[in-house]
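Me: I have a structure to read and would like to go through it feature by feature. Please give the general idea each time, then the case at hand.

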Amino acid sequence: RGVWIETMSHIDMVARHSMPAKEAQQAADELAGDLARKFEINYGWEGDHIHFERPGVNGMITVRENEIRIKARLGLMLVFLKPVIETEISDYLQNHFGCTFT
């Protein structure tokens, strides 16, 4: 049971894109800003990573050539919002930037 909760508490999504690096960074920044507004998350850039956190969640968005990766760890209170958060991320990247997921 503990293992199931631990697995459920992680988000690890990889999106493929065909944008130039600067546009991909802008896409990631806009995604982080959107998530920050909706879920009251603090975030900031460190190299090619955006670190984000709030009580109950922390993680990063990594922007690379042809790839954006979103990794997060959800606290117990947010585990059950995982599908909502994943849908929000994938919809945003697909609709605004034409990303595909692996």
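Me: How many residues apart are Asp34 and Lys38 in helix H2, and what does that make in helical turns?
Reply: An α-helix has 3.6 residues a turn, so residues three or four places apart point the same way. Asp34 and Lys38 are four residues apart in helix H2, which means a separation of about one helical turn. Helices (H or I, at least four residues) and strands (E, at least two) are DSSP runs, numbered from the N terminus. Asp34 and Lys38 form a salt bridge, with their closest N and O atoms 3.6 Å apart. A salt bridge here is a side-chain nitrogen of Lys or Arg within 4 Å of a carboxyl oxygen of Asp or Glu.

Me: What kind of model is this, and how are its residues numbered?
Reply: It is a predicted model, in which local features need pLDDT of at least 70 and side-chain atom pairs count only at pLDDT 80 or more, while totals for chains, interfaces and linings use all residues. Residues are numbered from 1 along each chain as its sequence is written, and side-chain values use heavy atoms, with hydrogens and water left out.

Me: Where is the confidence lowest, and where is it highest?
Reply: pLDDT is the predictor's confidence in each residue, from 0 to 100. The mean over the protein chain is 83, and 91% of its residues reach 70 or more. Confidence is lowest in helix H1 (residues 2–8), with a mean of 50, and highest in E2, at 91. Over residues 1–5 pLDDT stays under 50, and the model has one contact beyond four places in sequence for them. Contact means heavy atoms within 4.5 Å.

Me: Is Asp34 buried or exposed?
Reply: Buried means under 20% relative accessible area, exposed over 50%, and partly exposed in between (1.4 Å probe, protein chains only). Asp34 has a relative accessible area of 11%, so it is buried. Lys38, at 47%, counts as partly exposed.

Me: Which other residue meets Lys38 in a salt bridge?
Reply: Side chains of opposite charge can pair when their charged atoms come close. The side chains of Glu88 and Lys38 meet at 2.4 Å, N to O. Glu88 is in helix H3 and Lys38 in helix H2, so this pair ties together parts that are 50 residues apart in sequence. Glu88 counts as partly exposed, at 21% relative accessibility. Asp34, Arg37, Lys38 and Glu88 are linked in a network of salt bridges.

Me: In what order do the strands of the sheet stand?
Reply: Strands of a sheet pair through backbone hydrogen bonds, either parallel or antiparallel. By the rule used here, two strands pair if DSSP finds at least two bridges between them. Six strands form an open sheet in the order E2-E3-E4-E5-E1-E6, with antiparallel pairing. Strand E2 (42–46) and strand E6 (100–101) stand at the edges with a single partner strand each, so one side of each is left without a neighbour in the sheet.

Me: How many bridges join E1 to E5?
Reply: Seven bridges join strand E1 (residues 10–16) to strand E5 (residues 67–74). Met13 stands opposite Ile70 in E5. Glu67 lies in E5 and Arg16 in E1, so the pair ties together parts 51 residues apart in sequence. Glu67 is buried, with a relative accessible area of 16%, whereas Arg16, at 37%, counts as partly exposed.

Me: What do the buried residues of H2 pack against?
Reply: They pack against E2, E3, E4, E5 and H3. Among them are Ala24, Leu31, Asp34 and Phe39.
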